[in-house]
Amino acid sequence: MSFFIRNSAKAKISSTKVGQKRKTPGKPGGKKTTNGRLAGKRRMKGGNEEIASDEEILSDVEDVPEEEASEDEEETAQEKRLRLTKQYLAQLEEEEAEKRVTDEIDRDAISHRLQEDLLEQKGKLQRKVAAQYIPPTPADIQVLRGHQLPLTCLVVSSDSKHVYTGAKDCSIIKWNIAEGKKEKVVAGGRKGTEDKHQGHTAHVLCLAISSDNKFLASGCRNKIIHIWDPVSLTRLHTFTGHRDAVAGLAFRKGTHTLFSGSHDKTVKVWSLDEMAYVETLFGHEDSIMALDSLARERAVTAGGRDRTVRVWKIPEESQLVFHGENRGSIDCVAFINEQHIVSGDDNGNVCVWGLMKKKPLVSVRGAHHAEGSEQQECWVSAVAALTNSDLIASGSSDGHIRLWQCGDSFKTVQPLFSVPVVGFVNGLKFSSDGNFLVAAVGQEHRLGRWWRLKPARNSLVIIRLRKTS
Amino acid sequence: MASFQHTADESGDVSSSEEMDSGSDSEEELGEGSEVQKAGSDAKSGVTTSSTTTAEANTMKKELSTMSFEDIQRLRDKIGTKTYNQALHGSNSKRDQNKVFKRANKNRPVEMSSKCPPPRIRQVVPIKKKIHRDPRFDDLSGEYDEKIFEKSYSFLDPMKAREKKYLEKQLRKEKDEDRRRNIQKLIRRMEQQERTKRQEDIKEKALKEWKAKEKELVKQGKKPYFLKKSDEKKLVLAQKFKELKKSGKVEKFLQKKRKKNAARDRKHLPTDS
């Protein structure tokens, strides 16, 4: 009892010290301090009427120069969020009003949607679907061949009808899933024909597609990013500016902002509405191996040999650094939801991270083991997650794609089943509805030729996932 | 945006001669930029967005209004639209650059600015800093206790004896005077050390005996008695006598003692001054 009293006494003393500068309390993630700021503003404007006490003046002193400067010119991150939230609310109300016949807008429906969105933002929306899936039969696995050299990357369009793959033969192929065949091919050119050739002349390392299917971006070893129209596969624009191979690309969901990570240790932000370069983010100490992004203005990158996973907060111009273990290289990374990340490294570990903890929440060691006498651990070359659910997949060269189920609030990870696939799994993606999983398989690793598995075939593997119901 | 309009009108009033000057200025400005024409590259790593006041922003707008559209586009590609807009509308992002990110508790990941380029030379293996300790003053070495020290380093005694024997052998072989002197010095030092050690041993033995006796008596009820320096000397002498008797060198010792005393007394005799 006395312990409590002592604490409350301390709290009382600290709050009533007159003349001490009160700093705005730091909240996790730096969100929702709009109240503090706006209150300060109001006090300033209404200062003529009432005499502000010493405390108030001193607490505003720190805020004043910032407010004055940013008031007219530029909105801070918080104000931007406020404006966007108001817009979103207005949009929701419109939608609900359209749905309803009567004039009264159903507040419950809006609040339900808002709740879901809030959960999604917080990373707590976790649809427990993993348990419903059953292992696929051989009939569910479709192998499509078309590339000459190993596939390196792939993306699924948001309507889950097309898959785009890139390979070491510098070509990009658009596949139709329903029919199971190629629709369009952008052939690769020979080295030295960069001016004339329409496609790539070096290994295509990464692909990304915008959520409204307006733009497809591809990055290659020639330090360039090509922007294509996904329907016709005609080239729209080329971005230069990176100083080394572009290894990771991702669009921000719902926008035309493109993030690109490269082996020159920088992340660049591009705006495709203006077809312009926006900014560069520094921080990695070694080549960036992979990049992913969801709906928030954030990107996550896998740092390779610097053994870090970094989450970049674009509006705040800051980064969160998550350190992996002391040896090895983190090769692939993906967002599970807004607050959780899954990553794979070359020691065969698959780790799930939460944005609030500096150490991984779960670390599955030796997720992929090579069969045979060597007992060597295989590099995890691709990870994927079904957005806002508890299903994750990891691929390596050991002949299996393993699917995992994340436990409550991502504190545990249980193996579900594995799909037999021969070769290096260089890319893995779930369709948005979770009905199938696509894998880009090749005879070699996407970044080099340390091994060449002869029995493997350079192919796109479509695995239909069936649920029990 | 009203301010931008204003400057546009201003530049409209400017005469052609002034335009030429500002045109050349802008060319100079781009002279550097045109060499590094890679769009979207920060040629000088860490292009700082300096906090521009409205006056600077106005001059920038004036210059920009005289540049051709292509040049403006090239500039925007080079520095990025974010910094371009910031410089144009004069916001201070320098304040953000010096912002110190403090995490709520130590379990949160480290947060740092994403605008500072990392150092070029990277420490691949974490190098540990060597901590230098002086065992004499370090708490880790513990307290000094003579007895424990002697006991733990008693293994050195046979080694010292061996070394002395070796030195004596060397002395017999050595002809060079200098080196002979050195060896003799060393042998003398070692002998001195042995002698002092022997005397210390004798002293310790005597005192130990006395203390043991005293303890017994105190237990039986007698008041404890602490030795004076002179008493200690007497005890030591007694012990020495015992040892000499054991080894049979009493006579020799007494002779030496008499000689010494005689010499001392002779010194105190009166002299003819």
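Colleague: How much area is buried between chain A and chain B?

Modeller: About 3,300 Å², and carbon and sulfur atoms give 47% of that. Buried area is the accessible area (1.4 Å probe) that two parts lose on being put together, summed over both. This is a predicted model, in which local features need pLDDT of at least 70 and side-chain atom pairs pLDDT 80 or more, while totals for chains, interfaces and linings use all residues. Residues are numbered from 1 along each chain as its sequence is written, chains are lettered from A in the order written, and side-chain values use heavy atoms, without hydrogens or water.

Colleague: How many residues are in contact?

Modeller: 40 of chain A with 36 of chain B, where contact means heavy atoms within 4.5 Å.

Colleague: And how many salt bridges across the interface?

Modeller: The rule finds 6; each needs a side-chain nitrogen of Lys or Arg within 4 Å of a carboxyl oxygen of Asp or Glu. One of them joins B:Lys82 to A:Glu317, with the closest N and O atoms 3.4 Å apart.

Colleague: Switching to strands, how do β18(A) and β1 of chain B pair?

Modeller: In the antiparallel sense, over 4 bridges, with β1 covering residues 110–113 of chain B. A:Ser318 has B:Ser113 as its bridge partner in β1(B). Strands are DSSP runs (E, at least two residues), numbered from the N terminus, and two of them pair if DSSP finds at least two bridges between them.
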